[in-house]
Amino acid sequence: MSMNSKNLSVLAYANGFTLWHYKTEDAKTTVATDGYFNDVANIFNVGDLIIASQSINGTMTTTIYVVSSVSGNVSVATVV
């Protein structure tokens, strides 16, 4: 699947940092693919955190990603 911007929301922000929540049925490896968040690249800053609630085949998981690059492709790295 591709990123759905309707499922991305701000939880908190301060001093150029944003904590995001993202709901998806995409696998961790899919979300961590370079460019997955390119459609909303203009709203991210390096160091932002994304808490992803993921429903994979009916099993809920939570993954935390850090935005590692916003130039070219948006890149994220899995934190937890």
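**Group meeting: an aromatic cluster and a mixed sheet**

Let's start with the rings. W20, Y22, Y36, F37 and F44 are linked into a cluster by ring pairs. By pair I mean rings of Phe, Tyr and Trp (its six-membered ring) with centres within 6.5 Å; planes under 30 degrees apart are stacked, over 60 edge-to-face, and the rest tilted.

A word on the source. This is a predicted model: local features need pLDDT of at least 70, side-chain atom pairs count only at pLDDT 80 or more, and totals for chains, interfaces and linings use all residues. Residues are numbered from 1 along each chain as its sequence is written, and side-chain values use heavy atoms, with hydrogens and water left out.

Back to the rings. The structure holds 5 aromatic pairs. Take W20 and F44. Their ring centres are 5.3 Å apart and their planes sit at 75 degrees, so this pair is edge-to-face. Where do W20 and F44 lie? W20 is in strand β2 (residues 17-24), while F44 is in the loop between α1 (28-31) and β3 (49-56), so the pair ties together parts that are 24 residues apart in sequence. Helices (H or I, at least four residues) and strands (E, at least two) are DSSP runs, numbered from the N terminus.

Buried or exposed? W20 has 7% relative accessibility, so W20 counts as buried. F44 is buried too, with a relative accessible area of 3%. Buried means under 20% relative accessible area, exposed over 50%, and partly exposed in between (1.4 Å probe, protein chains only).

F44 also forms an aromatic pair with F37. That one is edge-to-face, 5.6 Å centre to centre, with 85 degrees between the planes. F37 is at 1% relative accessibility, so F37 counts as buried.

Now the sheet. 5 strands form an open sheet in the order β1-β2-β3-β4-β5, with mixed pairing. Two strands pair if DSSP finds at least two bridges between them. β1 (8-14) and β5 (75-78) are the edge strands, each pairing on one side only. β2 and β3 run parallel, joined by 6 bridges. T24 stands opposite Q54 in β3.

Last, S2. S2 lies in the segment before β1. S2 is at 57% relative accessibility, so S2 counts as exposed. What does S2 touch? Leaving out residues up to four places away in sequence, S2 touches Y22, D26 and Y36; contact means heavy atoms within 4.5 Å. Y22 and Y36 belong to the ring cluster. S2 and D39 are 37 residues apart in sequence and 9.7 Å apart in space, C-alpha to C-alpha.
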